[in-house]
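Dear colleague,

Please find below the structure that I am handing over to you, followed by an account of what was found in it.

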Amino acid sequence: MAILVDYNQVILASLFASIGNHTNIDIDENLIRHMFLNSIRANRKKFTEEYGEIVVCCDGKNSWRREAYPYYKANRRKSREESEIDWNNLFNIMNTIRSELKEFFPYKVIHIDHCEADDIIGTICHDHGTELNIGAEKYLVLSGDKDYIQLQTYENVDQYDPIRKRWIRNDNPDKYLKEHILKGDTGDGVPNVLSSDNCLAIGERQKPMTQKRMALLHEGPAAMDEETLRRYHRNKMVIDLGEIPNNYKQQIREEFDKDKSIGREQLFNFFIKKKLKNLITDIQDF
């Protein structure tokens, strides 16, 4: 059992929901800390009875995907450089809050170099997922990221978007994953299987993925020429959460299996120190 929190996704989605289009404002550490902790409090209170305890899953530096596919998220880096937001300051604040969670809170915080939250959540769900829900321990993915839909092949894995406050569900997660691999993921700089590796990074238009082409490619690798098949494997490697390298899976398992020795006794003093007065009254929910 666990509530698997996609730390970076939840904290950034909370921030952007709060500031809207006002991207030239100064980033306030206290505001971000309060927003994230209040989200943890509310969702733990709502879900802990059914899904167990919070596990905070964080993005590490230098994703292994970038080593395997150099254009991974390259377009995202470019848009950050053009943004009014001070991303360095924002990431420093997120690192500070992550360290505080590790030091003062009773939750496991998993942060591994070269691994993203997707790798952590994917590994845990693949390890503990079952095709029958009868008597199985349940796992909740707390994130608005639809990449996790593929994990709903397991009956004991659910997903909830804490920002929009709605369930993310799909009747055919296997088909969703297959189409996701074929179509690619523009947000992560991954083109469709008909387009060159660097097309999104250099701003080139992708070759259109028509319904006719999609239907043909759905037949599988046998229907693909050599280059399309290579691109299919390119996309599968970075999108399919079953493709995480074994050495990283092992590190994730070791961190997940560790006991957290810190209890709730440090929370009150931490809330006082950080002037989190509004949360002290609900300290029992943490």
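Aspartate 161 has a relative accessibility of 2%, so it counts as buried. Please bear in mind throughout that the model is a predicted one. Aspartate 161 belongs to strand 5, which covers residues 157-161. A polar atom of its side chain lies 3.0 Å from the backbone nitrogen of isoleucine 163. When residues up to four places away in sequence are not counted, aspartate 161 touches Ser143, Gly144, Arg166 and Ile168.

With neighbours within four places in sequence left aside, serine 14 is in contact with Met35 and Ile163. Serine 14 is part of helix 1, residues 7-19. Its relative accessibility is 10%, and serine 14 therefore counts as buried. Between the C-alpha atoms of serine 14 and valine 109 there are 19 Å, the two residues being 95 apart along the chain.

In soluble globular proteins, nonpolar side chains tend to be buried together. In the present model, the largest nonpolar core holds 40 residues, of which Tyr7, Phe36, Leu37, Leu90, Leu101, Phe105 and Phe271 touch the most other members. Two or more residues of this core come from each of the following elements: strand 1 (2-6), helix 1, helix 2 (29-51), strand 2 (54-57), helix 5 (87-104), strand 4 (139-142), helix 11 (267-273) and helix 12 (277-280). There is also a second, separate core of 24 residues, which includes Cys125, Tyr154, Tyr248 and Ile252.

Which residues surround tyrosine 7, once its neighbours within four places in sequence are left aside? Tyrosine 7 is in contact with Phe36, Val56, Cys57, Cys58, Met94, Ile97, Arg98 and Leu101. Of these contacts, Phe36 and Leu101 are also listed among the core members that touch the most others.

The largest pocket has a volume of about 1200 Å³. It is lined by 36 residues, and those closest to its centre are Asn8, Asp59, Lys73, Arg76 and Arg80. At least two lining residues each are supplied by helix 1, helix 4 (74-81) and helix 5. Helix 5 gives the most, namely seven residues. By class, this lining comprises 16 charged, 12 polar and eight nonpolar residues.

The second largest pocket has a volume of about 230 Å³. Of its 13 lining residues, the closest to the centre are Met35, Ser39, Pro162, Ile163 and Lys165. Helix 2 gives the most, with six residues. The lining divides into six nonpolar, five polar and two charged residues.

**The enclosed cavity**

Rolling a probe the size of a water molecule over the atoms shows where empty space is left. How many cavities of 30 Å³ or more does the count give? The count comes to one. The largest cavity contains about 90 Å³ of space. Its lining is formed by Arg65, Tyr72, Asp118, Asp147, Gln150, His180, Asp185, Asp188, Val190, Val238, Ile239 and Leu241. These residues divide into five charged, five nonpolar and two polar.

Lysine 73, one of the residues closest to the centre of the largest pocket, has a positive phi near 60° although it is a residue other than glycine. Lysine 73 is placed in the loop between helix 3 (64-68) and helix 4. Its relative accessibility is 13%, and because this is under 20%, lysine 73 counts as buried.

Lysine 275 is likewise not a glycine, and its phi is positive, at about 55°. Lysine 275 is found in the loop between helix 11 and helix 12. Is lysine 275 buried or exposed? With a relative accessibility of 66%, which is over 50%, lysine 275 counts as exposed.

Conventions
Residues are numbered from 1 along each chain as its sequence is written. This is a predicted model: local features need pLDDT of at least 70, side-chain atom pairs count only at pLDDT 80 or more; totals for chains, interfaces and linings use all residues. Side-chain values use heavy atoms; hydrogens and water are left out. On a 1 Å grid over the protein atoms alone, a cavity is a set of points where a 1.4 Å probe fits but cannot get out, and a pocket is an open set with protein on both sides within 12 Å along at least five of seven lines; lining residues have an atom within 4 Å of a point. Grid points are joined across faces, edges and corners, and a volume is the space filled by probe spheres set on the points. Ala, Val, Leu, Ile, Met, Phe, Trp, Tyr, Cys and Pro count as nonpolar, Asp, Glu, Lys and Arg as charged, and the others, Gly among them, as polar. Helices (H or I, at least four residues) and strands (E, at least two) are DSSP runs, numbered from the N terminus. Buried means under 20% relative accessible area, exposed over 50%, partly exposed in between (1.4 Å probe, protein chains only). Contact means heavy atoms within 4.5 Å. A polar contact is a pair of N or O atoms within 3.5 Å; within protein, one must be able to donate a hydrogen and the other to accept it, and residues adjacent in sequence count only if both atoms are side-chain atoms. A nonpolar core is a set of buried Ala, Val, Leu, Ile, Met, Phe, Trp, Tyr and Cys residues joined through side-chain atoms within 4.5 Å.
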